Amino acid sequence: MENEILIKKGAEAELYKSTWMNREVVIKRRKSKSYRNPDLDRYIRVHRTSLEAKLLSDARKLGVPTPIVYDVDLNNTQIIMSFIRGPPLKNLIPKMNKEYMKKTFIEIGRLVGLLHKGGIVHGDLTTSNMLIQNDMIFFIDFGLGDYTKDIEARGVDIHLMRRAIESLYYEFSEYAYESFIVGYKEIMLDEANDILKRVIEIRKRGRYVEGDRHK
Amino acid sequence: MKIYIMGIESTAHTFGCGIITSNGEILSNVKSEYIPPSGGIHPREASQHHSQKALSVIKKALEEAKISLYDIDGVAISLGPGLGPCLRTGATIARAIALLINKPLIPVNHCVAHIEIGRLITKEEDPLVVYVSGGNTIISAFSDGRYRVFGETLDIALGNCLDVFARHLGLPHPGVPKLEALADKGKNFIFLPYIVKGQDVSYSGLLTTAIKYIGKYDSCDLSMSLLETAYGMLAEVTERALAHTEKTSLLLTGGVARSLRLQRILKSVCEEHSARFHVVPPELAGDNGAMIAWTGYLAYKENITIPIESSFIKQRWRLDEVEIPWRMRY
């Protein structure tokens, strides 16, 4: 398309800002990798592009704000979606007072609960993948998402969220995480218990924190 | 004054003894690898091999280094991760030597050693490390005092996957080079489970499926598809880690690092991200004593030693559990 402005070059895809039918849009394009077998490369890009487009619109149906998918082009392995101005949650957190933070993380907990209850995991829940616009929290980048009700996958989702909170806002991280859990439980009800138990287990695997597993 | 450190490695199939100096000179690096008559490594049989070969390996290491046992200033031992019986054999020998010459015993994590010897050899201060062997598949980078794990296998190691498949094809040890030779003749790509979960890979489903397909598909096609899939998965998580950490160099090490096909693939990943690509030479990429000695020296400088009575082996000692005080915190 004309007037494409590169806004992000990730490992897997490139994001361009452009206009499409007089709308401000983002184009997410999965580029071919020269190091991969061409058949495999094509399969991965087509599969992921179509999966991500479905996840974006299904998440929206579940009541989770996501960009609107306007077009999916599997030949060029790209998705055209509505542009969300932001800013990312990551930039807002340092400016938040305690009350606003509580409100925000309860809402994030609810949204993640809605995704999980609807059978979707996001796969990369970080505060850069949440954009705030008109007081709504938009979830973006479902590139690592999947359709599953697997406890492990849901647990990893929450674990990653927790890590993202801790790395940004250590002082109030527990408070933010507790608020998140309040919102999550509100949607997931008793189902949340097994998942939160798994979160503790995942943490104990020592992958990211001090290894007290073998002491 | 020059300091001499002896390093002893016995985490898996290799018993190794290396001697290095505080200048980073490798005076000797002797090893003996256990090759099972058939099948995979049985930990007990490997440990018996180690106890039989230990004396001659250590003697040869001292001879090549042209020093006496009593010139050694510290004995570094690879306490884990690895196979229990093998670790115990090496640890027993290291403890005995330390007691005999009355010098400190230095605990070394095997995975940290792979990284440190790579840094020494390539002179790269802060690379992203891809460590692939029969027992480990780890993508790591230094951050805030430790080697953090950015990606790893969720089940079996890359080398394990390829070795087992090669055995099922009836290829003798070492299987991977022969598998690669077959793969070079492969023409048709066969879809196999390509499993990347976030930053991690999973090879067990790939292996099971590939084994099931033996006999149904041409061996060359199947070998090519297995390698392309397995290496492609690794390349993807490597690329993600490179983009995320923004490191400007990549260090490939471990036993599987000698695969030319894998080197080519990761080199191409580096080119896309303008990162320098390095591969550790085979004698230092595979398990060896010199890497334990060198890492032992780095620890020794920081006064990291361990009393004999608490020098327990740690079969599941994770890379990211180890504090790295010899590197600047940033």
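The model is predicted: local features need pLDDT of at least 70, side-chain atom pairs count only at pLDDT 80 or more, and totals for chains, interfaces and linings use all residues. Residues are numbered from 1 along each chain as its sequence is written, while chains are lettered from A and ligands numbered from 1 in the order in which they are written.

**Chain B overall**

- Chain B holds 10 helices and 12 strands; helices (H or I, at least four residues) and strands (E, at least two) are DSSP runs, numbered from the N terminus.
- Chain B has a radius of gyration of 20 Å, close to the 20 Å that the globule rule gives for 330 residues, so it is as compact as a globular protein of that length. That radius is taken over C-alpha atoms, and the rule is 2.2 Å times the number of residues to the power 0.38.
- The C-alpha trace of chain B spans about 60 × 45 × 30 Å along its principal axes.
- Of its 330 residues, 55% count as buried. Buried means that 20 or more other C-beta atoms lie within 10 Å of a residue's own, exposed means 12 or fewer, and partly exposed is in between, with C-beta atoms placed from the backbone.
- Among contacts in chain B between residues at least 6 apart in sequence, 77% join residues at least 24 apart; a contact needs C-beta atoms, placed from the backbone, within 7 Å.

**Nonpolar cores**

- The largest nonpolar core has 115 residues, of which B:Val75, B:Ala230 and B:Ala293 touch the most other members. Such a core is a set of buried Ala, Val, Leu, Ile, Met, Phe, Trp, Tyr and Cys residues joined through C-beta atoms within 7 Å.
- Helix H7 (residues 219-245) of chain B gives the most to this core, with 12 residues.
- Leaving aside neighbours within four places in sequence, B:Ala230 is in contact with B:Leu158, B:Cys161, B:Leu162, B:Tyr203 and B:Leu206.
- Another core lies apart from it and has 42 residues, including A:Val26, A:Met81, A:Val112 and A:Leu125.

**Helix H10 of chain B**

- The 13 residues of helix H10 (residues 289-301) should span 18 Å at 1.5 Å a residue, and its end C-alpha atoms are 18 Å apart, which agrees. The expected span is 1.5 Å times one less than the number of residues.
- Because 12 of its 13 residues are buried, H10(B) is largely enclosed by the rest of the structure; B:Trp294 and B:Tyr297 are among the buried ones.
- B:Asn303 follows H10(B) and has a positive phi, near 60 degrees.

**Where chains A and B meet**

- The contact takes 19 residues from chain B and 17 residues from chain A.
- H7(B) brings the largest share of the chain B side, 7 residues.
- That side of chain B divides into 8 nonpolar, 4 polar and 7 charged residues. Here Ala, Val, Leu, Ile, Met, Phe, Trp, Tyr, Cys and Pro count as nonpolar, Asp, Glu, Lys and Arg as charged, and the others, Gly among them, as polar.

**Domains of chain A**

- Chain A is assigned domain 1 (5-82) and domain 2 (89-204), with bounds from an automatic or database domain assignment.
- Taken over C-alpha atoms, the centres of the two domains are separated by 23 Å.
- In domain 1, 14 residues are in contact with 13 residues of domain 2, and helix H1 (residues 38-61) of chain A supplies the largest share of the domain 1 side, 6 residues.
- A:His47 sits in helix H1 of chain A and counts as partly exposed, with 14 C-beta neighbours inside 10 Å.

How values were computed: Two residues are in contact if their C-beta atoms, placed from the backbone, lie within 7 Å.
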